[in-house]
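User: Please take a close look at the charged side chains in this model and how they pair. Then set them beside the aromatic pairs and the strands.

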Amino acid sequence: MSYQRLTSKLKSAQLPPNDRVWFGRWMDGYRRFCRVGPHDSIPISRESVIGFLRQQKSSGRQAWQRLQMVKAVQFYQSSVLRSESPPLDDIRGTLAQFVRQHPISTPKKESVIDVAGVIDPGEPEPIQELRRQLRLLGREYSTEKAYVKWARQFVRRYQIESVERLKCLGEAEVTEFLTDLAVDRNVASSTQNQAFNALLKLFERVAQKELRGIDAVRASKPKKLPLVLSRDEIDRLLDQFQGRNLLIANLLYGAGLRINDCLRLRVKDIAFDLGQIVVRDTKGQHQRITVLPEVTVEGLRSQIEQARELHQRDLWEGYGRVYLPYALAEKYPQANQKFAWQFIFPASKRSRDPRSGDIRRHHLHESVFAKALGRAVARAKIHKPIHSHTFRHSFATHMLEDGYDIRVVQELLGHKDVKTTQIYTHVLNRPGISVKSPLDRNRAA
């Protein structure tokens, strides 16, 4: 009987909700450890079970988790294979005894791990529920961290320990909190807006309460014009990069990508024949198509082959699964081990997912390129506050200088409103017409 039979058995089994979720995950991991396809029967032997448990222990799995793995294998034995051989009760008993002797390794309560991943039971109830709701909505981990930061400050300020207490508060407290950010803490308008959005989600999704009539003092720090490099400065800067960092820099400038847009690219997102890049996991959960610079094609093909070799090695070692957004992971449970879904710029080491607790190979961290950029700026002797977004600003400005319609640039950048793109007309040397300083005209005369 195949592994796929396990799914139907779990749905009808009289098990706690957490066990139904995690038994399937543990058996999927064990299946991959045994190098068995989803349509094949999973062989159960004491040696393979012990080997799997040792691998999981070396990956940081706690004793109560390994005990749950053994329970999952035994469920598969009795419900799918309809066999009790080989007996695993002694292994289960040893782990259970260890868990009793080391209670710190056990989950503090059932909701520590659920369908939304790892939730810290030590956090206030509203914060736990906010994390759960953001994950079910498919929000990025960076968004979760930012929203939780503001929600924590709000919860701490008004001493909110429960969802019921949160429901007793509303517009007056939110207005007071946001006004304090603008008046006493002098935050930027974008920072205040982020805090406001976090509290909106806190009340809408956790307290089931809609906020109306927020009349806080608005932060009024003006927006700065974007820093744009000249074409000569871009060339000098790109000359300082090599290898993978050069490829990333070329994509940032040549396709107008944000740094996270670039690092989150997956193999399937590059359309070499069409000369396009599909940007999917982008800001605001929108998708767009941008240009694939011809200069980057050879480097991208080489980078993809390196990612393929690394992925094959991960699969051989019992890993090879990549992060997928919650909805996709549920819809395509086997997609996360397919090469097409792997990151083009994988991290050098595997790491533990802070949400699910799984060991995965994520994409390269943005700090790696940031350090390389800092060194390149120093070598190029460009004395400006350059960061990765400067390439995107320069891409937009140079496209407009070359005569491309502002609507085309808007589509390539993925801006929802053309007003966002119009900011680049303020830094053009020739915004629509040839602009010359009156001083230069006087000197020429």
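Analyst: The model is a predicted one, and the count of salt bridges in it comes to 27. Side chains of opposite charge can pair when their charged atoms come close.

Asp402 counts as partly exposed, at 48% relative accessibility. Arg231 is partly exposed as well, with a relative accessible area of 35%.

A further salt bridge joins the side chains of Arg212 and Glu210, at 3.3 Å, N to O. Arg212 is exposed, its relative accessible area being 56%. Glu210 has a relative accessible area of 48% and is partly exposed; the limit for exposed is over 50%.

Salt bridges also link Glu123, Arg131, Arg135, Glu144 and Arg152 in a network.

Arg321 has polar contacts of its own. This arginine is found in the loop between helix H14 (297-316) and helix H15 (326-331), and it counts as buried at 10% relative accessibility. Its side chain makes a polar contact with the side chain of Asp28 at 2.7 Å. The side chain of Asn336 is in polar contact with that of Arg321 too, at 2.5 Å. Leaving aside residues up to four places away in sequence, Arg321 touches Asp28, Arg31, Arg32, Pro333, Gln334, Asn336, Gln337, Arg360 and Arg361.

Two other arginines sit over aromatic rings. The charged end of Arg35 is over the ring of Trp316, 4.0 Å from the ring's centre. Arg301 lies over the face of Phe272, and here the distance to the ring centre is 4.1 Å.

Next, the aromatic pairs. A pair of aromatic rings is described by the distance of the centres and the angle of the planes. The count comes to six aromatic pairs. In one of them, the ring centres of Tyr30 and Phe52 are 5.5 Å apart and the planes stand at 75°, so the pair is edge-to-face. Tyr30 lies in helix H2 (residues 17-33) and Phe52 in helix H3 (residues 46-58), so the pair ties together parts that are 22 residues apart in sequence. Tyr30 is buried, with a relative accessible area of 0%, and Phe52 is buried with a value of 3%.

Phe241 and Phe369 form a stacked aromatic pair, with 5.6 Å from centre to centre and 10° between the planes. The two phenylalanines link distant parts of the chain, 128 residues apart: Phe241 is in the loop between helix H11 (231-238) and helix H12 (243-255), and Phe369 is in helix H16 (residues 366-380). Phe241 and Phe369 are both buried. Phe154, Tyr158, Phe177 and Phe203 make up one aromatic cluster.

His393 lies in helix H17 (residues 389-401) and is buried, with a relative accessible area of 13%. Not counting residues up to four places away in sequence, His393 touches Pro226, Leu227, Val228 and Tyr424.

Last, the strands. Strand E3 (residues 270-271) runs antiparallel to strand E4 (residues 276-279), and two bridges join them. Within this pairing, Ile270 stands opposite Ile277 in E4. E3 and E4 form a hairpin with four residues between them, and Gly275 in the turn has a positive phi of about 70°. E4 is joined in turn to strand E5 (residues 288-291) by four bridges, again with the strands antiparallel. Val278 stands opposite Ile289 in E5.

Technical notes
Residues are numbered from 1 along each chain as its sequence is written. This is a predicted model: local features need pLDDT of at least 70, side-chain atom pairs count only at pLDDT 80 or more; totals for chains, interfaces and linings use all residues. Side-chain values use heavy atoms; hydrogens and water are left out. Rings of Phe, Tyr and Trp (its six-membered ring) pair if their centres lie within 6.5 Å; planes under 30 degrees apart count as stacked, over 60 as edge-to-face and the rest as tilted. Buried means under 20% relative accessible area, exposed over 50%, partly exposed in between (1.4 Å probe, protein chains only). A charge sits over a ring if NZ of Lys or CZ of Arg is within 6 Å of the ring centre and within 35 degrees of the ring normal. Contact means heavy atoms within 4.5 Å. Two strands pair if DSSP finds at least two bridges between them. A salt bridge is a side-chain nitrogen of Lys or Arg within 4 Å of a carboxyl oxygen of Asp or Glu. A polar contact is a pair of N or O atoms within 3.5 Å; within protein, one must be able to donate a hydrogen and the other to accept it, and residues adjacent in sequence count only if both atoms are side-chain atoms.
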